[in-house]
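Here are a few notes to read alongside the model.

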Amino acid sequence: MKIPSKVQIKGKTWKVRKVKGLRNGHDFVMGLMDPVARQISIDADLKGRTLIHTYLHELNHAILFELYVLMSVQVEEIIVEGMSDVYTDLFFVP
Ligand SMILES: [Zn+2]
């Protein structure tokens, strides 16, 4: 699976970019989803299964945002992480 530079979700274009040393505030993170900019950011140093899993994790956040699915941050993380585990098994080819 190749990470696209753009993805369409419910007709809205989301940019996908790779960033060296990606941070959320002061913390280094592997991925980020920005609903205002409609942008998914992925740490540029990620490879293999971790890269695919991180992209799918942030993509799932973006999909829930576009579907107006509202839940607590903690519950959303559990659901998004579970979906990403399954999709990574489906789409990642070592
Ligand atoms: Zn998350």
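1. Helix 1 and helix 2 lie oblique to each other, a word kept for angles that are not under 35 degrees (roughly parallel), over 145 (roughly antiparallel) or 65 to 115 (roughly perpendicular). This is a predicted model, in which local features need pLDDT of at least 70, side-chain atom pairs count only at pLDDT 80 or more, and totals for chains, interfaces and linings use all residues. Residues are numbered from 1 along each chain as its sequence is written.

2. The packing angle between helix 1 (residues 48-66) and helix 2 (residues 73-91) is about 130°, and their axes are 8 Å apart. Helix 1 passes helix 2 in a right-handed crossing.

3. Which residues of helix 1 meet helix 2? On the helix 1 side they are Arg 49, Ile 52, His 53, Leu 56, His 57, Asn 60, His 61 and Leu 64, and they meet Glu 76, Val 80, Glu 81, Met 83, Ser 84, Tyr 87, Thr 88 and Phe 91 in helix 2 (contact here is C-beta atoms, placed from the backbone, within 7 Å). By class, this contact has seven nonpolar, six polar and three charged residues.

4. Do look at Arg 38, in the loop between strand 5 (31-34) and strand 6 (39-43). Arg 38 is not a glycine, yet its phi is positive, at about 50°. Most residues other than glycine have a negative phi. Arg 38 counts as partly exposed because it has 17 C-beta neighbours inside 10 Å (buried is 20 or more, exposed 12 or fewer, partly exposed in between).

5. Tyr 68, in the loop between helix 1 and helix 2, also has a positive phi, of about 60°. With 7 C-beta neighbours inside 10 Å, Tyr 68 counts as exposed.

Definitions and conventions
Axes are lines fitted to C-alpha atoms, for helices over the stretch in contact, and angles run from 0 to 180 degrees between N-to-C directions. Helices (H or I, at least four residues) and strands (E, at least two) are DSSP runs, numbered from the N terminus. A crossing is left-handed if the near helix is turned anticlockwise from the far one by less than a right angle, and right-handed if clockwise. Two residues are in contact if their C-beta atoms, placed from the backbone, lie within 7 Å. Ala, Val, Leu, Ile, Met, Phe, Trp, Tyr, Cys and Pro count as nonpolar, Asp, Glu, Lys and Arg as charged, and the others, Gly among them, as polar.
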